[in-house]
Amino acid sequence: MKVVDPSAPESIADRPKFHNTLRKECPVAKVTNPNEYYFVTGYDNVKEVLDNHERFSKLYGSQYTPMEKGVALNQDPPEFNEFRAIYNAYMSPRGVKRWADDCNRIANDLIDKMEALGSGDIQDLYGKPVPARVTAIALGLPEEKVDLYRKWTDAFLNAMIRDPEEQLRIVDEMYAFFDIEFEKRRKQLKDAGIENPSREDVGRTVGDNLISVLMCTPYRGRYLTNDELRRTVRGFFVGGVDTTGALMMNTLFRLLEQPDLWEAVKGAPDLLEEAIDESLRFEPPALGMFRGATCPIEMGGETIPEGARVLFSTLSANRDPAYFEEPDTFKLGRKVGKSGIGHIAFGSGAHFCPGAWTARLEAKICLEVLIRRLPKLRITGDVKHFEAINFWVIREMPAAWD
Ligand code: HEM
(Lines give C-alpha, C1' and ligand atoms only; values in the text may rest on other atoms or scores of the structure.)
Protein backbone atom coordinates (compact mmCIF):
# COMPACT_ATOMS: atom_id res chain seq x y z
CA MET A 1 0.00 0.00 0.00
CA LYS A 2 1.25 3.46 -0.90
CA VAL A 3 2.50 5.55 2.03
CA VAL A 4 1.55 9.24 1.81
CA ASP A 5 2.14 12.26 4.02
CA PRO A 6 -0.79 14.67 4.41
CA SER A 7 1.29 16.88 6.72
CA ALA A 8 4.10 17.42 4.17
CA PRO A 9 4.36 21.10 3.15
CA GLU A 10 3.44 20.29 -0.48
CA SER A 11 0.31 18.36 0.61
CA ILE A 12 -0.81 21.26 2.80
CA ALA A 13 0.06 23.90 0.19
CA ASP A 14 -2.30 22.42 -2.41
CA ARG A 15 -4.93 20.36 -0.66
CA PRO A 16 -7.20 19.77 -3.68
CA LYS A 17 -4.22 18.43 -5.63
CA PHE A 18 -3.22 16.10 -2.79
CA HIS A 19 -6.74 14.73 -2.16
CA ASN A 20 -7.57 14.48 -5.90
CA THR A 21 -4.34 12.63 -6.68
CA LEU A 22 -4.99 10.13 -3.92
CA ARG A 23 -8.52 9.53 -5.20
CA LYS A 24 -7.15 8.84 -8.69
CA GLU A 25 -4.05 6.85 -7.79
CA CYS A 26 -4.49 5.18 -4.43
CA PRO A 27 -7.94 5.66 -2.86
CA VAL A 28 -6.80 3.76 0.23
CA ALA A 29 -3.36 4.89 1.35
CA LYS A 30 -1.34 4.57 4.52
CA VAL A 31 0.03 7.42 6.63
CA THR A 32 2.91 6.92 9.03
CA ASN A 33 3.90 10.49 9.88
CA PRO A 34 3.55 11.55 12.66
CA ASN A 35 1.20 8.66 13.51
CA GLU A 36 -0.13 5.62 11.71
CA TYR A 37 -3.55 5.69 10.08
CA TYR A 38 -5.29 5.00 6.75
CA PHE A 39 -6.47 7.71 4.36
CA VAL A 40 -9.62 6.99 2.34
CA THR A 41 -10.63 9.07 -0.70
CA GLY A 42 -13.37 9.00 -3.37
CA TYR A 43 -17.11 9.57 -2.95
CA ASP A 44 -18.18 5.92 -2.78
CA ASN A 45 -15.41 4.89 -0.39
CA VAL A 46 -16.02 7.86 1.90
CA LYS A 47 -19.77 7.19 1.97
CA GLU A 48 -18.99 3.58 2.90
CA VAL A 49 -16.82 4.75 5.82
CA LEU A 50 -19.53 7.14 6.98
CA ASP A 51 -22.52 4.86 6.54
CA ASN A 52 -21.21 1.39 7.37
CA HIS A 53 -21.03 1.53 11.16
CA GLU A 54 -20.44 -2.16 11.51
CA ARG A 55 -17.11 -1.90 9.72
CA PHE A 56 -16.18 1.72 10.52
CA SER A 57 -17.07 2.50 14.08
CA LYS A 58 -17.28 5.83 15.90
CA LEU A 59 -17.12 4.16 19.29
CA TYR A 60 -13.72 5.77 19.97
CA GLY A 61 -14.60 9.18 18.53
CA SER A 62 -13.82 10.93 15.28
CA GLN A 63 -10.37 12.29 16.04
CA TYR A 64 -7.04 10.59 15.68
CA THR A 65 -6.64 10.12 19.44
CA PRO A 66 -9.10 7.41 20.53
CA MET A 67 -11.43 8.85 23.18
CA GLU A 68 -13.56 7.04 25.77
CA LYS A 69 -15.40 4.18 24.18
CA GLY A 70 -19.14 4.46 23.75
CA VAL A 71 -19.71 7.73 25.65
CA ALA A 72 -22.14 10.36 24.33
CA LEU A 73 -21.25 11.22 20.69
CA ASN A 74 -18.92 8.23 20.55
CA GLN A 75 -21.56 5.65 19.77
CA ASP A 76 -22.78 3.78 16.72
CA PRO A 77 -26.38 3.31 15.67
CA PRO A 78 -28.83 2.00 16.67
CA GLU A 79 -27.81 2.97 20.26
CA PHE A 80 -26.63 6.38 19.13
CA ASN A 81 -29.99 7.35 17.59
CA GLU A 82 -31.57 7.60 21.04
CA PHE A 83 -28.79 9.91 22.22
CA ARG A 84 -29.11 12.11 19.18
CA ALA A 85 -32.84 12.46 19.76
CA ILE A 86 -32.00 14.58 22.83
CA TYR A 87 -30.97 17.57 20.68
CA ASN A 88 -32.16 16.78 17.14
CA ALA A 89 -35.29 18.94 17.15
CA TYR A 90 -33.53 21.75 19.03
CA MET A 91 -30.91 21.96 16.25
CA SER A 92 -33.38 21.56 13.34
CA PRO A 93 -33.71 24.12 10.51
CA ARG A 94 -36.73 25.62 12.29
CA GLY A 95 -35.21 25.38 15.77
CA VAL A 96 -32.02 27.26 14.97
CA LYS A 97 -33.97 30.34 13.82
CA ARG A 98 -34.10 31.28 17.51
CA TRP A 99 -30.50 32.48 17.02
CA ALA A 100 -31.18 34.68 13.97
CA ASP A 101 -31.46 37.90 16.02
CA ASP A 102 -28.23 37.09 17.86
CA CYS A 103 -26.44 36.55 14.54
CA ASN A 104 -27.68 39.94 13.32
CA ARG A 105 -26.73 41.71 16.52
CA ILE A 106 -23.25 40.19 16.64
CA ALA A 107 -22.58 40.91 12.96
CA ASN A 108 -23.62 44.55 13.31
CA ASP A 109 -21.73 44.99 16.56
CA LEU A 110 -18.49 43.72 15.01
CA ILE A 111 -18.92 45.79 11.85
CA ASP A 112 -19.57 48.93 13.95
CA LYS A 113 -16.07 48.42 15.34
CA MET A 114 -14.53 47.51 11.97
CA GLU A 115 -15.92 50.49 10.06
CA ALA A 116 -13.61 53.03 11.63
CA LEU A 117 -10.54 50.86 10.96
CA GLY A 118 -10.99 50.83 7.18
CA SER A 119 -8.77 47.77 6.82
CA GLY A 120 -7.45 44.82 8.80
CA ASP A 121 -7.42 41.04 9.11
CA ILE A 122 -11.05 40.16 8.48
CA GLN A 123 -10.60 36.62 9.80
CA ASP A 124 -9.42 38.08 13.11
CA LEU A 125 -12.05 40.82 13.23
CA TYR A 126 -15.03 38.85 11.94
CA GLY A 127 -14.40 35.25 10.86
CA LYS A 128 -13.28 34.16 14.32
CA PRO A 129 -15.42 36.21 16.75
CA VAL A 130 -18.76 35.68 14.93
CA PRO A 131 -18.89 31.89 15.36
CA ALA A 132 -17.19 31.97 18.77
CA ARG A 133 -19.96 34.26 20.05
CA VAL A 134 -22.84 32.51 18.28
CA THR A 135 -21.69 29.07 19.42
CA ALA A 136 -21.34 30.36 22.98
CA ILE A 137 -24.93 31.65 22.88
CA ALA A 138 -26.22 28.43 21.33
CA LEU A 139 -24.57 26.36 24.03
CA GLY A 140 -25.32 28.80 26.85
CA LEU A 141 -21.73 29.80 27.64
CA PRO A 142 -20.76 33.41 28.43
CA GLU A 143 -20.61 35.31 25.12
CA GLU A 144 -17.87 37.69 26.17
CA LYS A 145 -15.13 35.11 26.75
CA VAL A 146 -14.15 35.13 23.07
CA ASP A 147 -10.42 35.30 23.79
CA LEU A 148 -10.56 32.13 25.85
CA TYR A 149 -12.57 30.32 23.17
CA ARG A 150 -10.08 31.44 20.56
CA LYS A 151 -7.19 30.11 22.61
CA TRP A 152 -8.85 26.71 22.90
CA THR A 153 -9.98 26.37 19.32
CA ASP A 154 -6.66 27.58 17.84
CA ALA A 155 -4.76 25.17 20.06
CA PHE A 156 -7.12 22.37 19.11
CA LEU A 157 -6.54 23.03 15.42
CA ASN A 158 -2.79 23.10 15.85
CA ALA A 159 -2.48 20.13 18.19
CA MET A 160 -5.06 17.80 16.70
CA ILE A 161 -2.76 15.21 15.21
CA ARG A 162 0.72 16.54 15.81
CA ASP A 163 0.43 16.64 19.58
CA PRO A 164 -2.36 14.50 21.08
CA GLU A 165 -1.03 15.18 24.62
CA GLU A 166 -1.54 18.91 24.18
CA GLN A 167 -5.03 18.24 22.92
CA LEU A 168 -5.87 16.30 26.08
CA ARG A 169 -4.55 19.13 28.27
CA ILE A 170 -6.81 21.65 26.54
CA VAL A 171 -9.73 19.29 26.94
CA ASP A 172 -9.19 19.29 30.73
CA GLU A 173 -9.21 23.07 30.79
CA MET A 174 -12.45 23.15 28.81
CA TYR A 175 -14.09 20.64 31.12
CA ALA A 176 -13.33 22.70 34.22
CA PHE A 177 -15.00 25.68 32.54
CA PHE A 178 -18.05 23.69 31.42
CA ASP A 179 -18.49 22.24 34.91
CA ILE A 180 -19.16 25.74 36.26
CA GLU A 181 -21.98 26.10 33.74
CA PHE A 182 -23.49 22.73 34.69
CA GLU A 183 -23.39 23.67 38.37
CA LYS A 184 -25.08 27.01 37.67
CA ARG A 185 -28.05 25.23 36.10
CA ARG A 186 -28.18 22.55 38.83
CA LYS A 187 -28.44 25.34 41.41
CA GLN A 188 -31.15 27.13 39.44
CA LEU A 189 -33.17 23.92 39.25
CA LYS A 190 -32.59 23.16 42.92
CA ASP A 191 -33.58 26.69 43.98
CA ALA A 192 -36.79 26.24 42.01
CA GLY A 193 -37.42 22.96 43.83
CA ILE A 194 -37.15 20.88 40.64
CA GLU A 195 -35.62 17.43 41.05
CA ASN A 196 -36.66 15.90 37.76
CA PRO A 197 -36.40 18.62 35.12
CA SER A 198 -38.08 18.33 31.73
CA ARG A 199 -37.92 20.23 28.45
CA GLU A 200 -40.55 22.56 29.92
CA ASP A 201 -37.82 23.93 32.17
CA VAL A 202 -35.68 25.03 29.23
CA GLY A 203 -36.19 28.77 28.83
CA ARG A 204 -38.23 28.86 32.05
CA THR A 205 -36.19 27.62 35.00
CA VAL A 206 -32.88 27.59 33.14
CA GLY A 207 -31.77 29.48 30.02
CA ASP A 208 -32.91 28.54 26.53
CA ASN A 209 -29.74 26.91 25.24
CA LEU A 210 -28.24 23.57 24.33
CA ILE A 211 -26.59 22.89 27.72
CA SER A 212 -30.00 23.32 29.35
CA VAL A 213 -31.55 20.94 26.80
CA LEU A 214 -28.88 18.34 27.52
CA MET A 215 -29.45 18.68 31.26
CA CYS A 216 -33.25 18.71 31.23
CA THR A 217 -33.97 15.89 28.79
CA PRO A 218 -34.39 12.42 30.30
CA TYR A 219 -32.37 9.77 28.49
CA ARG A 220 -32.96 6.04 29.02
CA GLY A 221 -34.81 6.78 32.26
CA ARG A 222 -32.04 8.96 33.70
CA TYR A 223 -30.21 12.24 33.03
CA LEU A 224 -26.86 12.64 31.29
CA THR A 225 -23.90 12.27 33.64
CA ASN A 226 -21.34 15.04 34.04
CA ASP A 227 -18.99 13.04 31.89
CA GLU A 228 -21.50 12.74 29.07
CA LEU A 229 -22.35 16.43 29.34
CA ARG A 230 -18.71 17.46 29.17
CA ARG A 231 -18.00 15.38 26.11
CA THR A 232 -21.11 16.45 24.26
CA VAL A 233 -20.59 20.14 24.94
CA ARG A 234 -16.96 19.83 23.85
CA GLY A 235 -18.08 18.17 20.60
CA PHE A 236 -20.47 21.01 19.85
CA PHE A 237 -18.03 23.70 20.88
CA VAL A 238 -15.02 22.44 18.94
CA GLY A 239 -17.24 21.43 16.01
CA GLY A 240 -18.95 24.78 15.73
CA VAL A 241 -16.43 27.58 15.84
CA ASP A 242 -13.64 27.28 13.28
CA THR A 243 -15.65 25.32 10.76
CA THR A 244 -18.34 27.99 10.57
CA GLY A 245 -15.77 30.81 10.48
CA ALA A 246 -14.05 28.97 7.64
CA LEU A 247 -17.33 28.61 5.78
CA MET A 248 -17.95 32.36 5.99
CA MET A 249 -14.43 33.36 5.02
CA ASN A 250 -14.09 30.76 2.24
CA THR A 251 -17.37 31.89 0.71
CA LEU A 252 -16.36 35.52 1.00
CA PHE A 253 -13.00 34.84 -0.60
CA ARG A 254 -14.52 33.05 -3.60
CA LEU A 255 -17.07 35.84 -4.11
CA LEU A 256 -14.46 38.57 -3.92
CA GLU A 257 -12.24 36.65 -6.29
CA GLN A 258 -14.92 36.87 -8.97
CA PRO A 259 -16.24 40.47 -8.98
CA ASP A 260 -19.28 39.46 -11.07
CA LEU A 261 -20.36 37.07 -8.35
CA TRP A 262 -19.75 39.66 -5.64
CA GLU A 263 -22.00 42.13 -7.47
CA ALA A 264 -24.62 39.47 -8.16
CA VAL A 265 -25.03 38.36 -4.54
CA LYS A 266 -25.34 41.95 -3.28
CA GLY A 267 -28.98 42.06 -4.28
CA ALA A 268 -29.85 38.37 -4.21
CA PRO A 269 -30.03 36.45 -0.92
CA ASP A 270 -30.90 33.23 -2.80
CA LEU A 271 -27.62 33.43 -4.67
CA LEU A 272 -25.80 33.86 -1.40
CA GLU A 273 -27.33 30.60 -0.16
CA GLU A 274 -26.10 28.89 -3.32
CA ALA A 275 -22.65 30.36 -2.87
CA ILE A 276 -22.52 29.07 0.71
CA ASP A 277 -23.47 25.59 -0.44
CA GLU A 278 -20.96 25.62 -3.28
CA SER A 279 -18.28 26.78 -0.86
CA LEU A 280 -19.09 23.79 1.37
CA ARG A 281 -18.62 21.49 -1.60
CA PHE A 282 -15.57 23.21 -3.03
CA GLU A 283 -13.64 23.89 0.18
CA PRO A 284 -15.12 21.80 3.00
CA PRO A 285 -13.85 23.25 6.32
CA ALA A 286 -13.76 19.76 7.88
CA LEU A 287 -11.55 17.89 5.42
CA GLY A 288 -12.08 14.62 7.19
CA MET A 289 -12.66 12.78 10.44
CA PHE A 290 -11.61 9.45 11.86
CA ARG A 291 -13.26 6.11 12.40
CA GLY A 292 -11.95 2.79 13.74
CA ALA A 293 -11.87 -0.38 11.59
CA THR A 294 -13.75 -3.12 13.45
CA CYS A 295 -12.35 -5.94 11.25
CA PRO A 296 -9.94 -6.35 8.33
CA ILE A 297 -11.53 -4.32 5.50
CA GLU A 298 -10.99 -4.78 1.75
CA MET A 299 -11.29 -1.46 -0.01
CA GLY A 300 -9.78 0.01 -3.18
CA GLY A 301 -7.76 -3.17 -3.72
CA GLU A 302 -6.08 -2.81 -0.31
CA THR A 303 -6.67 -4.21 3.17
CA ILE A 304 -7.21 -1.93 6.14
CA PRO A 305 -6.26 -3.93 9.24
CA GLU A 306 -8.62 -4.44 12.18
CA GLY A 307 -8.21 -1.76 14.84
CA ALA A 308 -6.72 0.81 12.44
CA ARG A 309 -7.67 4.48 12.59
CA VAL A 310 -9.19 5.58 9.28
CA LEU A 311 -9.47 9.16 8.00
CA PHE A 312 -12.14 9.85 5.39
CA SER A 313 -11.70 12.79 3.00
CA THR A 314 -14.72 15.01 2.40
CA LEU A 315 -12.72 17.09 -0.07
CA SER A 316 -11.94 14.13 -2.33
CA ALA A 317 -15.61 13.10 -2.25
CA ASN A 318 -16.89 16.60 -3.00
CA ARG A 319 -14.52 16.86 -5.97
CA ASP A 320 -15.19 13.38 -7.33
CA PRO A 321 -15.84 13.75 -11.09
CA ALA A 322 -18.05 10.67 -10.97
CA TYR A 323 -20.61 12.81 -9.12
CA PHE A 324 -19.80 16.47 -9.78
CA GLU A 325 -19.29 18.08 -13.19
CA GLU A 326 -16.21 20.31 -13.41
CA PRO A 327 -15.55 19.56 -9.75
CA ASP A 328 -12.56 21.88 -9.48
CA THR A 329 -14.56 24.94 -10.52
CA PHE A 330 -16.42 27.13 -8.03
CA LYS A 331 -19.72 27.91 -9.72
CA LEU A 332 -23.24 28.76 -8.72
CA GLY A 333 -26.35 27.03 -9.93
CA ARG A 334 -25.18 23.45 -9.54
CA LYS A 335 -27.48 22.74 -6.55
CA VAL A 336 -26.76 18.99 -6.49
CA GLY A 337 -24.17 16.86 -8.22
CA LYS A 338 -24.82 14.33 -10.96
CA SER A 339 -27.36 11.63 -9.99
CA GLY A 340 -28.96 14.12 -7.61
CA ILE A 341 -26.28 13.58 -4.99
CA GLY A 342 -25.10 16.47 -2.86
CA HIS A 343 -21.80 17.26 -1.20
CA ILE A 344 -20.81 15.66 2.08
CA ALA A 345 -19.15 18.62 3.78
CA PHE A 346 -21.35 17.94 6.83
CA GLY A 347 -20.75 14.19 6.76
CA SER A 348 -23.50 11.65 6.20
CA GLY A 349 -25.75 9.25 8.06
CA ALA A 350 -26.09 8.88 11.81
CA HIS A 351 -23.36 11.42 12.65
CA PHE A 352 -24.37 14.01 10.05
CA CYS A 353 -23.34 17.34 11.53
CA PRO A 354 -26.03 18.45 14.01
CA GLY A 355 -24.73 22.02 13.63
CA ALA A 356 -25.31 22.12 9.86
CA TRP A 357 -28.37 24.35 10.11
CA THR A 358 -26.79 26.64 12.67
CA ALA A 359 -23.75 27.04 10.42
CA ARG A 360 -25.88 27.80 7.36
CA LEU A 361 -28.02 30.32 9.25
CA GLU A 362 -25.00 32.02 10.77
CA ALA A 363 -23.09 32.18 7.47
CA LYS A 364 -26.09 33.54 5.59
CA ILE A 365 -27.04 36.27 8.07
CA CYS A 366 -23.50 37.34 8.88
CA LEU A 367 -22.40 37.44 5.23
CA GLU A 368 -25.55 39.35 4.25
CA VAL A 369 -24.85 41.99 6.89
CA LEU A 370 -21.19 42.18 5.87
CA ILE A 371 -21.97 42.55 2.16
CA ARG A 372 -24.61 45.21 2.85
CA ARG A 373 -22.54 47.25 5.24
CA LEU A 374 -19.10 46.91 3.65
CA PRO A 375 -19.83 46.89 -0.09
CA LYS A 376 -16.31 48.00 -1.01
CA LEU A 377 -14.71 45.03 0.70
CA ARG A 378 -11.60 43.65 -1.04
CA ILE A 379 -8.72 41.29 -0.28
CA THR A 380 -5.42 43.13 0.01
CA GLY A 381 -2.82 40.44 0.72
CA ASP A 382 -2.04 36.75 0.99
CA VAL A 383 -4.69 34.57 2.60
CA LYS A 384 -3.09 32.09 5.01
CA HIS A 385 -4.54 28.83 6.33
CA PHE A 386 -3.99 26.71 9.44
CA GLU A 387 -1.83 23.71 8.67
CA ALA A 388 -4.06 21.10 10.30
CA ILE A 389 -4.32 18.08 8.02
CA ASN A 390 -8.06 17.55 8.47
CA PHE A 391 -9.34 21.12 8.74
CA TRP A 392 -9.25 23.77 6.05
CA VAL A 393 -9.51 26.95 8.01
CA ILE A 394 -8.31 30.45 7.13
CA ARG A 395 -5.92 31.95 9.68
CA GLU A 396 -5.36 35.40 8.14
CA MET A 397 -7.21 37.32 5.47
CA PRO A 398 -5.98 40.90 4.98
CA ALA A 399 -8.73 43.12 3.61
CA ALA A 400 -9.83 46.73 3.21
CA TRP A 401 -13.36 48.16 3.15
CA ASP A 402 -13.01 51.97 3.14
C1 HEM B 1 -19.47 24.90 8.19
C2 HEM B 1 -19.54 24.47 9.42
C3 HEM B 1 -19.43 23.03 9.80
C4 HEM B 1 -18.88 21.97 9.13
C5 HEM B 1 -18.23 21.98 7.77
C6 HEM B 1 -19.04 20.80 9.96
C7 HEM B 1 -18.67 19.52 9.61
C8 HEM B 1 -18.96 18.40 10.32
C9 HEM B 1 -18.73 17.04 9.88
C10 HEM B 1 -18.11 16.63 8.57
C11 HEM B 1 -19.18 16.22 10.86
C12 HEM B 1 -19.22 14.70 10.81
C13 HEM B 1 -18.15 14.10 11.66
C14 HEM B 1 -18.17 12.60 11.64
O15 HEM B 1 -18.98 11.96 10.96
O16 HEM B 1 -17.29 12.04 12.32
C17 HEM B 1 -19.63 17.05 11.94
C18 HEM B 1 -20.06 16.58 13.14
C19 HEM B 1 -20.39 17.39 14.18
N20 HEM B 1 -20.57 18.76 14.16
FE21 HEM B 1 -20.26 19.95 12.60
N22 HEM B 1 -19.67 21.18 11.13
C23 HEM B 1 -19.93 22.53 11.06
C24 HEM B 1 -20.58 23.30 12.00
C25 HEM B 1 -20.97 22.87 13.22
C26 HEM B 1 -21.62 23.66 14.22
C27 HEM B 1 -22.00 25.13 14.06
C28 HEM B 1 -21.77 22.85 15.31
C29 HEM B 1 -22.39 23.19 16.64
C30 HEM B 1 -23.33 24.07 16.85
C31 HEM B 1 -21.27 21.55 14.97
C32 HEM B 1 -21.26 20.45 15.81
C33 HEM B 1 -20.95 19.16 15.41
C34 HEM B 1 -21.02 18.00 16.28
C35 HEM B 1 -21.42 17.99 17.74
C36 HEM B 1 -20.66 16.90 15.52
C37 HEM B 1 -20.57 15.44 15.96
C38 HEM B 1 -21.81 14.74 15.55
C39 HEM B 1 -21.81 13.27 15.84
O40 HEM B 1 -20.75 12.67 15.98
O41 HEM B 1 -22.89 12.71 15.91
N42 HEM B 1 -20.80 21.59 13.70
N43 HEM B 1 -19.52 18.38 11.57
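Reader: What is the handedness of the crossing of helix 5 and helix 15?
Author: That crossing is right-handed, meaning the near helix is turned clockwise from the far one by less than a right angle. Helices here are DSSP runs (H or I, at least four residues), numbered from the N terminus. This is a predicted model, where local features need pLDDT of at least 70, side-chain atom pairs count only at pLDDT 80 or more, and totals for chains, interfaces and linings use all residues. Residues are numbered from 1 along each chain as its sequence is written.

Reader: At what angle do the axes of helix 5 and helix 15 cross?
Author: Roughly 35°, and the axes of helix 5 (residues 100-115) and helix 15 (residues 356-373) come within 9 Å. Axes are lines fitted to C-alpha atoms over the stretch in contact, with angles from 0 to 180 degrees between N-to-C directions.

Reader: Which residues of helix 5 meet helix 15?
Author: A100, C103, N104, A107, N108 and I111. Their partners in helix 15 include L361, I365 and R373. Contact needs C-beta atoms, placed from the backbone, within 7 Å.

Reader: Is L361 buried or partly exposed, and why?
Author: L361 counts as partly exposed because it has 19 C-beta neighbours inside 10 Å; buried takes 20 or more, exposed 12 or fewer. Beyond four places in sequence, L361 contacts V96, K97, W99, A100 and C103.

Reader: New topic. How many residues surround the ligand?
Author: 26, the closest being G239, G240, G347, C353 and G355. A residue is near a molecule if its C-beta atom, placed from the backbone, lies within 6 Å of it.

Reader: Which helix gives the most to that shell?
Author: Helix 11, with seven residues.

Technical notes. Helices (H or I, at least four residues) and strands (E, at least two) are DSSP runs, numbered from the N terminus. Two residues are in contact if their C-beta atoms, placed from the backbone, lie within 7 Å.
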